[in-house]
Amino acid sequence: AMDSGDSENIAPTSPVFAVYYPDDIKNSPRILYQSVKEAAKFANSPEGRIRGARFRRFGNSCEASNFYESGDAPPPPKTGDCVAAADPVVAFPSVNRIQMNQLKKAIESNNFDEFIKLVGPNPRFLINTSGDTAAIVQEGFRFNSLHIAARHGSAPIAHFILKSVSDTHYLMGLYGTNESDANFRKENILKSFLNTPDKGNGDTPLHLASKWGHVEVARIIVAYRQTIRDFKNKNNEMPLDVVCSRYNGERKEELAKQMRIIIHSYYVALYRCSDHSLPTRWIVCDEYPCASLCPPPLHSPLSPILAPFLLTALAGPFENVEKANQLEKRWKAQGLDRRRADFDRGAEKVGREIAEKEGIEWMESWPFHHEPIDMKSNNG
């Protein structure tokens, strides 16, 4: 690395990587690197993270100097434009089969510490950056890391995998790219983990979790809207059709009941208009509720400029729609005065009390955590 003023030390035609602060390019450190790995290291350092440092490739040091002087940042994509994925600049080394076998063993043994030792420094253990897909850990069956976690009931590892690959900043660090590009890639990567069938029986991770009775892993997987719950394997079986078929323990009946509720269940969701211009809405859903309701169509009498309805609480899962409907009716009927007195949180408080009294699972959003979460759970 060298200061941009020392450009005579770099061949005039050599490509360089310039580190800069997007909000103050002219006062950036003006450090040029000759490798993307060095540039990424600075951008991910404490100093770089505090200032939101980025790096950009230039054909030579003169171009980089002009960039610093002009303060000309790459223009952001226009709203509504299709954001095409740029060629990634990956600063992490590729992973060989021996290393992948170490990862496989760590997941199979549910050794979270060993798993983190491998995956933490190098996200390419999880993600195939050349195709924006889940990396293949086990050849033959073509298992990705989530397949293996689902097969062996490694719930903490499954949670870490899906949280990581759905994190925009995690992907920005991996690809050395911007937020728009990372978001563009994220959807495909997440779907690849959740819905790719293995090469043997055509099972998805949800099939494997269901088949072996790993309830917690199944719960983690179905919490993502991208999960296809009715995906059919080579035997024309959905995850619901193979519940606990390979489980031989004493809790088979109990786990099977829980698994069926998780895979195909009903929820009662509470949606609030974000600017409180419209009344609160309760909706019974036959899958995990979406974070927001779709805006009304343009021909609707409701103006398309109305604020969206956001998911603020949900109760469930319920094993059938009748139980969900009963809870919805009780929730609406009880505590009307309290809901009127506390317009912002009254409905949530009433629902929370009903759920606690009747032993119903409950999730709620908070000012410090906008996605609904069960505060009594480990994640909460």
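How many nonpolar, polar and charged residues does the lining of the largest pocket have? In this predicted model, that lining has 23 nonpolar residues, together with 13 polar and 13 charged ones. The following paragraphs place the pocket within the overall fold.

The protein contains 15 helices and 13 strands. Of its 380 residues, 42% are buried. Among contacts with a separation of 6 or more, 64% are between residues 24 or more positions apart in the protein. The accessible surface amounts to about 20,300 Å², and carbon and sulfur atoms account for 52% of that area.

The largest pocket holds about 1,800 Å³ of space. Its lining is made up of 49 residues, and those closest to the centre of the pocket are Ala223, Tyr288, Met363, Glu371 and Pro372.

S12 and S13 run antiparallel and are joined by 2 bridges. Together they form a hairpin, with 2 residues between the strands. Tryptophan 366 has histidine 369, in S13, as its bridge partner. As a general point, the side chains of a regular strand alternate between the two faces of the sheet.

Key. Residues numbered from 1 in each chain as written. Predicted model: local features only at pLDDT ≥ 70, side-chain atom pairs only at ≥ 80, totals over all residues. Heavy atoms only, no water. 1 Å grid on protein atoms, 1.4 Å probe; cavity = no way out; pocket = protein on both sides within 12 Å on 5 of 7 lines; lining within 4 Å. Points joined across faces, edges and corners; volume = space filled by probe spheres on them. Nonpolar A, V, L, I, M, F, W, Y, C, P; charged D, E, K, R; others polar. Pairing = 2+ DSSP bridges. Helix = DSSP H or I, 4+ residues; strand = E, 2+ residues; numbered from the N terminus. Buried < 20%, exposed > 50% of the residue type's maximum accessible area, 1.4 Å probe, protein only. Contact = heavy atoms within 4.5 Å. Areas by Shrake-Rupley, 256 points an atom, 1.4 Å probe, with all protein chains shown as cover.
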